[in-house]
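Subject: Structure handover and notes

Hi,

Here is the structure I promised to pass on to you.

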Amino acid sequence: MGRIFRGENTVKVDAKGRVSIPALFRPVIQDSDPNWSAGKQPELIIVYGDHRRDFLECFTIEAMQEVDEKIARLPRGSKPRRLLEHMFQGQSLPTSVDDTGRIVLPAKLRKKLDLEDEAFFIAAGDTFQIWKPETYQAKRLADVTEWLDEFPEDFDPLTLLDTPDGG
């Protein structure tokens, strides 16, 4: 795996759907685009998925190539391959980061998330997610808090890395 994303940030969404990619994310996008060179706009893939997905997952070109290669290894015409092609290739949008570090989220994607004035970005390894801030707080952050509450107060989450299944 190449460089990974780190951090989180809430950014403004303008009337045209433009959002600024967090500054810490931009070099990862650029370094993970094998076609990028000075003067070109780095590219990424936004996977929006079906009605159950309430966030956008943004893949670097390298991360998406890894997913595409795994899908291609499945038997052609098999149900898992068709479904994964639909989810990761059909329900996705290639885009590029402009010279000011912004991407445009089309109206369809903003409507899907009910994004209006702000978008919440959070790192997820070799991808990052874009959420409506309130949805993230209500769903994902609540899940993390509930999970951590299962452990004692002095629990060190790094100990999970020492178990085969992470838990």
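Below are my notes on the fold, the aromatic rings, the salt bridges and the surface.

A word on the basis: this is a predicted model, where local features need pLDDT of at least 70, side-chain atom pairs count only at pLDDT 80 or more, and totals for chains, interfaces and linings use all residues. Residues are numbered from 1 along each chain as its sequence is written, and side-chain values use heavy atoms, with hydrogens and water left out.

Overall fold

The protein chain has six helices and eight strands, taken as DSSP runs numbered from the N terminus (helices: H or I, at least four residues; strands: E, at least two). Starting at the N terminus, the order of elements is β-β-α-β-β-α-α-β-β-α-β-β-α-α. The C-alpha trace spans about 50 × 45 × 35 Å along its principal axes. Of the 167 residues, 35% are buried; buried means under 20% relative accessible area, exposed over 50%, and partly exposed in between (1.4 Å probe, protein chains only). Among contacts with a separation of 6 or more, 63% are between residues 24 or more positions apart, a contact being heavy atoms within 4.5 Å.

Aromatic rings

There are ten aromatic pairs in the structure. Rings of Phe, Tyr and Trp (its six-membered ring) pair if their centres lie within 6.5 Å; planes under 30 degrees apart count as stacked, over 60 as edge-to-face and the rest as tilted. One of the pairs is Phe120 with Tyr136: the ring centres are 4.5 Å apart and the planes at 35°, so this pair is tilted. Phe120 belongs to strand 7 (residues 118–124) and Tyr136 to helix 5 (residues 133–138), so the pair ties together parts 16 residues apart in sequence. Phe120 is buried at 6% relative accessible area, and Tyr136 is buried at 7%. Elsewhere, ring pairs join Phe5, Phe25, Phe121 and Phe128 into a cluster.

Phe55 has a charge over its ring: the charged end of Arg140 sits 5.4 Å from the ring centre. The rule here is NZ of Lys or CZ of Arg within 6 Å of the ring centre and within 35 degrees of the ring normal.

Salt bridges

How many salt bridges are there? The count is ten, with a side-chain nitrogen of Lys or Arg within 4 Å of a carboxyl oxygen of Asp or Glu. Three of them, in turn:

- Asp50 and Arg52 have their closest N and O atoms 2.4 Å apart. Asp50 is partly exposed (22%), while Arg52 is exposed (63%).
- Arg81 and Glu85 meet at 2.9 Å, N to O. Both lie in helix 3 (residues 79–90), four residues apart, about one turn of the helix. Arg81 is buried (9%) and Glu85 partly exposed (26%).
- Lys132 bridges to Asp114, with the closest N and O atoms 2.7 Å apart. This pair links distant parts of the chain, 18 residues apart: Lys132 is in the loop between strand 8 (127–131) and helix 5, Asp114 in the loop between helix 4 (107–113) and strand 7. Lys132 is buried (17%), whereas Asp114 is partly exposed (40%).

Surface

The protein chain exposes about 10300 Å², and carbon and sulfur atoms supply 52% of this area. Accessible areas come from the Shrake-Rupley method with a 1.4 Å probe; for residues, only the protein chains shown count as cover. Leu141, Val144, Trp147 and Leu148 form a nonpolar surface patch with about 300 Å² of accessible area together. Patches are made of residues with over 30% relative accessible area and no salt bridge: like charges are joined within 9 Å, nonpolar side chains (Val, Leu, Ile, Met, Phe, Trp, Tyr) within 5 Å. Leu141 sits in helix 6 (residues 140–148) and is partly exposed at 31%.

Best wishes
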